[in-house]
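Please look at the sequence and the structure together before reading on. The briefing below takes up a few parts of the chain in turn, grouped by topic.

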Amino acid sequence: MYTHGHHESVLRSHRWRTAANSAAHLLPHLRPGQVLLDVGAGPGTITMDLAALVAPGRVTATEINEDALALSRAEAAERGVTTVDFAVADVHALPFPDDTFDVVHAHQVLQHVTDPVRALAEMRRVCRPGGVVAARDSDYDRFAWHPAVPELDEWLALYRATARANGGEPDAGRRLLSWALAAGFTDVTPGAAVWCYATPDDRHWWGGLWADRITQSAMASQILAAGTATAADLQRLSAGWRHWSQAPDGWFAILHGEILCRA
């Protein structure tokens, strides 16, 4: 189960993502004419940026169902991108022949799958020899913020428990290298990167979207169904996020693990 779902408050975050701010480790390895697979394309903002960089090469965007894939289709239509194909696919069993793609990319995907090693092995299988498999995932246990807001500590513990109950691993960033080696890669370049929200506009945006997500998204429904928190609890955590967002010295950093693997 995908913990976040596709509520507007989730898409508000995902649509902020670009190839520049979310796939910088991959960009030096892209060139026109490559064939690229974007696993878990979400709303497609990163996908369309990648498509522009490899055009006239084609990009295939995948999602777990048609409803999710429709978000990427809409982004392609809005931008007038015609070099992207779309497919419903499970990363544990990709519906593509061996050695199909020059580049296989996944952003914030492996933290949500039940078997990330198998997923990476599949990404390796469909990548041509000498091609590149790139992944990037956050590491929730290493999120950091100031000032201290007790409700954010509660939010983080609740999120990590919910993600694990759904079969995911919220602290995936630190495990990417290990998973890649277990999947059979022998040429892996690991790394890390950070998003930081500390300007007034960034605080308002980041704090506001999480204030909404904790009460309105699929995650909120999952928490209430599991009985791990009450609606009143979620409202209190939402207020904590808004309190943080209004702090003039508010600062929030998100650590990501990255891997660049040669197939």
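**Briefing on a predicted model**

Strand β2, which covers residues 59–63, pairs with strand β3, residues 84–88, in the parallel sense, and five bridges join the two.

**Helix α4**

- The 14 residues of α4 should span 20 Å at 1.5 Å a residue, and this agrees with the model, because the end C-alpha atoms of α4 are 20 Å apart.
- Which residues of α4 are buried? They are A68, L69, L71, S72, E75 and A76.
- The exposed residues D67, A77 and E78 are carried on the face of α4 that is turned away from its buried side.
- At the N-terminal end, α4 is capped by N65, which has a side-chain oxygen 3.2 Å from the backbone nitrogen of D67.
- Just after α4 comes G80, and this residue takes a positive phi of about 70 degrees.

**A span taken from a record**

- An unreviewed UniProt entry lists residues 37–134 under the name "domain: Methyltransferase type".
- In the model, the span of residues 37–134 is 35% helix and 29% strand, and its end C-alpha atoms lie 10 Å apart.

**Two buried residues elsewhere**

- V109 has its place in the loop between β4 (101–107) and α5 (116–125).
- Is V109 buried or exposed? With a relative accessibility of 11%, V109 counts as buried, because the cut-off for buried is under 20%.
- Although V109 and D137 are 28 residues apart along the chain, their C-alpha atoms are separated by 7.0 Å.
- S238 lies in helix α10, which covers residues 231–245, and S238 is buried, with a relative accessible area of 7%.
- The side chain of S238 reaches the backbone oxygen of A211 at 2.8 Å.

Terms used. Residues are numbered from 1 along each chain as its sequence is written. This is a predicted model: local features need pLDDT of at least 70, side-chain atom pairs count only at pLDDT 80 or more; totals for chains, interfaces and linings use all residues. Side-chain values use heavy atoms; hydrogens and water are left out. Two strands pair if DSSP finds at least two bridges between them. Helices (H or I, at least four residues) and strands (E, at least two) are DSSP runs, numbered from the N terminus. The expected span of a helix is 1.5 Å times one less than its number of residues. Buried means under 20% relative accessible area, exposed over 50%, partly exposed in between (1.4 Å probe, protein chains only). A polar contact is a pair of N or O atoms within 3.5 Å; within protein, one must be able to donate a hydrogen and the other to accept it, and residues adjacent in sequence count only if both atoms are side-chain atoms. UniProt positions are given in the numbering used here, feature names are shortened, and annotations may be inferred rather than shown by experiment.
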